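Please look over the structure below before reading on.

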Amino acid sequence: MTEILSVSKLNKKFGGVTVANDIDFTLHAGTMHCLIGPNGAGKSTFFRLILGEHAPDSGTILFRGADITRLRSFERIRRGISVKFQVPGIFKALSVRQNLDVAFQHHLHGHNLSSTVKRVVEFTNLEAEVETPAGALSHGQQQWLEIGMAVGVEPTLLLLDEPTAGMSPDETRKTGEMLHDLNQRGITILAVEHDMAFVEQIATQVTVLHFGRIFAEGTIAEIIDHPGVQEIYLGGSDE
Amino acid sequence: MDRPDTPHTDEPLVAETQMERRSALAIWISRLEGPQTMGRGPVFWATAALVVLAAILYPLFSNPFAVGNSAYFMVWTFMAMGLGVVWGYTGALSFGQTAFFGLAGYAYGVLTINFGAAYGFTWIALAISVALGGLFAMLIGYFMFYGRIKGVFVGIVTLSVTLVLETFMAQTAGPQWRIGEARLNGFNGMSGMPPLTIPWPGDAIVLYPGVGLYYVLLAMVVLCYLGLRMLLNAPFGNVLVAIRENPERAEMLGYDTRAYQMLSFALGGALAGLSGALYTAWGQYITPSSMGLTAAALPIVWVAVGGRRDITATLLGTLAVLFAFQSLTVYGSQYALIVMGALLLFTVLLTPDGLIATAMRWLGRTFGGAKR
Ligand SMILES: Nc1ncnc2c1ncn2[C@@H]1O[C@H](COP(=O)(O)OP(=O)(O)OP(=O)(O)O)[C@@H](O)[C@H]1O
Ligand SMILES: [Mg+2]
């Protein structure tokens, strides 16, 4: 299998706090991979390092074989990465339609743009809210809107930070189905998730992050049986 | 939630297929209306046409002095609309649009004093001055946005730039401060440059403040307003607003946000430059105080009072405030400034979206859909 993302010896400190500690991580093209770990483990920070929102202190990030460590965020995105953040990153004063227009307009135009917007509006179930300012949507709807913004561009690599937070079990299951569907179409997915049932539903491979370090890696069954993993989740975050 | 895997339900809407077949020109014209500008539909455009018609007929029912004075108001609207783009649409509060105004104003003076007004050169000088205003803004914008300066610091940097320019120009009184024939003349300012002049077989038309200049400016205001509407409703405008709302997210959708901010700032600078060069041509006069603190604060009042997030509100608000300001100046200019300050405070506290913008929204609601 080809490597779509490979991170090596990635380090990052905020003041005295190490949030990425010699991270070596490989993601294979076409997989669905979950990143788990206790609160404050550095999962979101790891995403922000991949996306270039934070510059690493050392280490390299390769995307589809090219070194992107020094690229600016928008350049990385343009190479085929898209992201849904933990806190909904939408444009609150803009309508749902405008949010989607902005998300897609740099590679879709005219009819292709409007039909993609229409399709995304349908599958996110926001038909009645197309002209509503995004800030007036419920938290769950904002979540869907952002997922729609992230998937509508059909990226090569989709990063999802807690996609199901605040969703009902039913919605969670449907999100899982949607991700499988996207994956079938060749999109590689890396998701941060707390809900182990959801992780089981979507992921083939799981990586556990703890204190900014890769703590364990394996299939979902291996991770569930891993004694150390149970300990860090059950025993709080004291190492 | 619907199942997501319905990839080809994309029956095109009729309007969309027509859109596809339209020419580039038709697409741009369709952008006269859009999500980033208030006002749409026949009622809005009929009202707009009536306003323009009234403006065209106005000189027939007025005296030359009042007409020249109205031309003077229109001179400032370009700087205001530019600030609307930079502040209202892109979210960067510039306190120093007068830097670009002043630079272009002096440039027009230097160029026309040296090269005269023959062969339509005043228009070339106008274009060069506008370009200089835009380029200077692009340079300042480059350092600010690529240097990750944001929020209130944009205001501080831009204010510093305009005050530095004012101070510099104020000390150019000596005879050594000349560019070719043009004496900069320090605090007293530069004068004696020719007004805009249209070459004409026989006798060139010199646009002194009066009816001719009024019509030229009216045409420029209308064109600039319509052009900005199209630009703001184009993908470019959508991105500017997205940057105002959430710059990190805009970057994470693949936009070079710094470049967009810089270009928006350059556009604002060019429009301020247009006002500056037109001001100099109008009064044949420019002084360093046009870049001073008071001058720098006024555009913020115009734009905030009208409504910074809508170009129509910005334009109408600017004209209204300028008219009010001048009417008050009769009672003393300090007094007028205090009223301006109170007006700004009143707006910020009671109608943060601006008086005109709030009124337009109310009209839109009351007369259902005619205006947004
Ligand atoms: N910009 C920042 N500056 C300083 N410290 C930060 C910054 N961002 C994150 N941190 C710290 O880095 C650590 C890791 O945070 P991060 O958000 O990556 O954790 P997480 O694994 O995503 O947690 P959660 O499950 O709660 O989302 C935390 O201790 C956090 O306080
Ligand atoms: Mg997190």
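**A helix pair in chain B**

Phe44(B), Trp45(B), Val52(B), Ala55(B) and Ile56(B) of α3(B) meet Tyr214(B), Tyr215(B), Leu218(B), Val222(B), Tyr225(B), Leu226(B) and Arg229(B) of α8(B), where contact means heavy atoms within 4.5 Å. This is a predicted model, in which local features need pLDDT of at least 70 and side-chain atom pairs count only at pLDDT 80 or more, while totals for chains, interfaces and linings use all residues. Residues are numbered from 1 along each chain as its sequence is written, chains are lettered from A and ligands numbered from 1 in the order in which they are written, and side-chain values use heavy atoms, leaving out hydrogens and water.

- The residues of this contact between α3(B) and α8(B) divide into eleven nonpolar, no polar and one charged. Ala, Val, Leu, Ile, Met, Phe, Trp, Tyr, Cys and Pro count as nonpolar, Asp, Glu, Lys and Arg as charged, and the others, Gly among them, as polar.
- Helices are DSSP runs (H or I, at least four residues), numbered from the N terminus.
- The axes of α3 (residues 41-57) and α8 (residues 211-233) of chain B come within 10 Å and cross at roughly 160°. α3(B) is therefore roughly antiparallel to α8(B), a term for angles over 145 degrees. Axes are lines fitted to C-alpha atoms over the stretch in contact, and angles run from 0 to 180 degrees between N-to-C directions.

**An enclosed helix**

- Eight of the eleven residues of α9 (residues 235-245) of chain B are buried, so this helix is largely enclosed by the rest of the structure. Buried means under 20% relative accessible area (1.4 Å probe, protein chains only).
- Among the buried residues of α9(B) are Val239(B), Leu240(B) and Arg244(B).
- The cover over them includes α3 (96-104) of chain A, together with α4 (64-89), α8, α10 and α11 of chain B.

- Asp256(B) lies in the loop between α10 (247-251) and α11 (257-283) of chain B. Asp256(B) is buried, with a relative accessible area of 18%.
- The side chain of Asp256(B) makes a polar contact of 2.7 Å with that of Arg72(A). A polar contact is a pair of N or O atoms within 3.5 Å; within protein, one must be able to donate a hydrogen and the other to accept it, and residues adjacent in sequence count only if both atoms are side-chain atoms.
- Glu146(A) is in helix α5 (residues 139-151) of chain A, and is buried at 0% relative accessibility.
- The side chains of Glu146(A) and Arg249(B) are joined by a polar contact of 2.2 Å.

Methods
Helices (H or I, at least four residues) and strands (E, at least two) are DSSP runs, numbered from the N terminus. Buried means under 20% relative accessible area, exposed over 50%, partly exposed in between (1.4 Å probe, protein chains only). Angles under 35 degrees count as roughly parallel, over 145 as roughly antiparallel, 65 to 115 as roughly perpendicular and the rest as oblique.
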